Amino acid sequence: MDKQILSVEIGPGMGPRLDKALAAAVPEEASLSRSRLARLIAEGSVSRDGAAITDQKAKVEEGEIYQIALEPPRPVETVAQEIPLEVLWEDEDLIVVNKPAGMVTHPAPGSPEGTLVNALLHHFGGNLSGVGGEARPGIVHRIDKDTSGLLVVAKSDRAHHGLAAQFEAHSVHRHYLAVCHGVPDPADPRLRGLDGVSFEQGGVLKIATQLARHKTDRQKQAVVAHGGRHAVTRARVVEAFQGTAALIDCWLETGRTHQIRVHMAYAGHGLIGDPVYGGRRKISEKAIGPAAAEAARTFPRQALHAATLGFEHPVTGENLSFAAPLPEDMEALVTCLRDAS
C-alpha cells in the first residue's frame, strides 16, 4: 500500500533543529511524537524539495515545507467484549455510564480492546450510532483513561447529532471533583499575578488561557501566549487539608484535551497523582503526617473524577442530570487527608 505524505510548514519560533521543529509543526491528529519523528528522519522518510534529510539536527528555517512519508494506519477492528458497566440511564437513543479509572474510552492502535466502546458493543449487541466511525461509535465526548466518571454515549444517529451540537455549543453542564496540591487562595499574590488567572465572587478561581500542544512533547498540552484554542476552567475549594491539599470542584466553559489538569498545573496547584502535569511536588509529612503524605505520594492516577453531567435529551427535550460519587480510591485519599487535618 502506498505511503501517505504529510506536508508541514515550519512556523515562527519552531527552529532551529529539524526534529524539534517538526514536532512543533505536525498537526495534533497525526499523533507523531518527537521520538517517532527522529526514527522517520533516520529512515529517510522526511524530505524537502524531493531530497531526503536523515540528520535530525539539520538546520531549518521559517517557511520551509517538509514532506513526511507515513505508513497508512492499520484498521482498528472493534469487537464486542463482555465487560461490566455501571449504567445510570439507558433508553433507545442514549446511555449514561460511570466509567472506571483505567478504562480507555474508545479503541486506538495502542488500545484495541478493553475499552468502553468494546463493552458497549457487547451490552447493546452492536447497536451504537455509526456517526463516530467504526472505532468511535456513539462517542460524542470522552474523558482520559485514568479519569473516572460520567459519560453519555449515543445509540442512535439522531441522538449523536443532537448531543454533539450541545457539546459544540458548550451547553452541557459538567462538574469534576479533583484533589490538588496546595489550596487555591484568593489572597495569594502569586496567583493574582498569573496571566489569565482571576477570582470571581465566592472565591471561585477562574483560569482563562490559550491551550496548544506542547512544543516538544506531542502527548501534552500547554498554556501558550499566542495561538492555540481558548479554554476556561473554574474551580472552587470544597475542603482544604492543612493548607497542603484541597478537594476542589471544577467546571468547564470549554472542553479541551487535559484542560483541568493543564490549568491547575499552570496555577501551581497540579492534581495529586498526575504523572504528566503533576510535577515533582510532594505533600510535607511534617505538615500532614506520614500516612497522609504517603497516600498522596503513591496515589496511582490523576485524582480527577467526572462527578456530574447535565444535558437536554436530544430527542425528547427532557432535562437530564446525573451524579456519580467519588470512586473508592479517591474517597480513601480524601478520608486519609481529612483524618490527618
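D144 sits in the loop between α3 (116-124) and β7 (148-154), and an unreviewed UniProt entry lists D144 under "active site". Everything here comes from a predicted model, in which local features need pLDDT of at least 70, side-chain atom pairs count only at pLDDT 80 or more, and totals for chains, interfaces and linings use all residues. Residues are numbered from 1 along each chain as its sequence is written, and side-chain values use heavy atoms, with hydrogens and water left out. Helices (H or I, at least four residues) and strands (E, at least two) are DSSP runs, numbered from the N terminus.

**Around D144**

- The UniProt position is given in the numbering used here, its feature name is shortened, and such annotations may be inferred rather than shown by experiment.
- Is D144 buried, exposed or partly exposed? With a relative accessible area of 21%, D144 is partly exposed; buried means under 20%, exposed over 50%, and partly exposed in between (1.4 Å probe, protein chains only).
- Leaving aside neighbours within four places in sequence, D144 is in contact with K99, H258, R261 and Q302, where contact means heavy atoms within 4.5 Å.
- One of these partners, H258, lies in the loop between β13 and α6 (259-266).
- H258 counts as buried, at 16% relative accessibility, and has a positive phi, near 60 degrees, in a residue other than glycine.

**Helix α9**

- Helix α9 (residues 328-340) has 13 residues and reaches 18 Å from its first C-alpha to its last, close to the 18 Å expected at 1.5 Å a residue; that expected span is 1.5 Å times one less than the number of residues.
- The buried residues of α9 are M330, L333, V334 and L337.
- These residues sit on the same side of α9 because they cover an arc of only 95 degrees around the axis; the arc is that of the directions from the helix axis to the C-beta atoms.
- On the face turned away from the buried side, α9 carries the exposed residues E328 and D339.
- The packing partners of the buried residues of α9 are β8 (173-181), β12 (229-241), β13 (245-252), α7 (285-288), α8 (290-297) and β14 (304-312).

**Helix α2 and what follows**

- In helix α2 (residues 34-42), the buried residues include L37, A38, L40 and I41.
- Seen down the axis, the buried residues of α2 fall within an arc of 160 degrees, so they line one face of the helix.
- That buried set packs against α1 (18-25), β2 and β4 (65-70).
- Just after α2 comes G44, with a positive phi of about 80 degrees.

**The four-strand sheet**

- As a reminder, strands of a sheet pair through backbone hydrogen bonds, either parallel or antiparallel.
- An open sheet of 4 strands runs in the order β1-β4-β2-β3, with antiparallel pairing; two strands pair if DSSP finds at least two bridges between them.
- Its edge strands, each pairing on one side only, are β1 (4-9) and β3 (51-52).
- Strand β2 (residues 46-48) and β3 run antiparallel and are joined by 2 bridges, and S47 has A52 in β3 as its bridge partner.
- The loop between β2 and β3 holds D49, which is exposed at a relative accessible area of 69%.
- Phi of D49 is positive, near 55 degrees, in a residue other than glycine.

- β5 and strand β6 (residues 94-99) pair in the antiparallel sense over 3 bridges, and a hairpin joins the two strands through 3 residues.
- E90 has I95 in β6 as its bridge partner.
- The structure holds 2 aromatic pairs; rings of Phe, Tyr and Trp (its six-membered ring) pair if their centres lie within 6.5 Å, with planes under 30 degrees apart counted as stacked, over 60 as edge-to-face and the rest as tilted.
- The rings of W89 and F322 are edge-to-face, because their centres are 6.0 Å apart and their planes stand at 65 degrees.
- This pair links distant parts of the chain, 233 residues apart: W89 is in strand β5 (residues 87-90) and F322 in strand β15 (residues 319-323).
- W89 counts as partly exposed at 26% relative accessibility, whereas F322 is buried, with a relative accessible area of 10%.
- Ring pairs link W89, F311 and F322 into a cluster.
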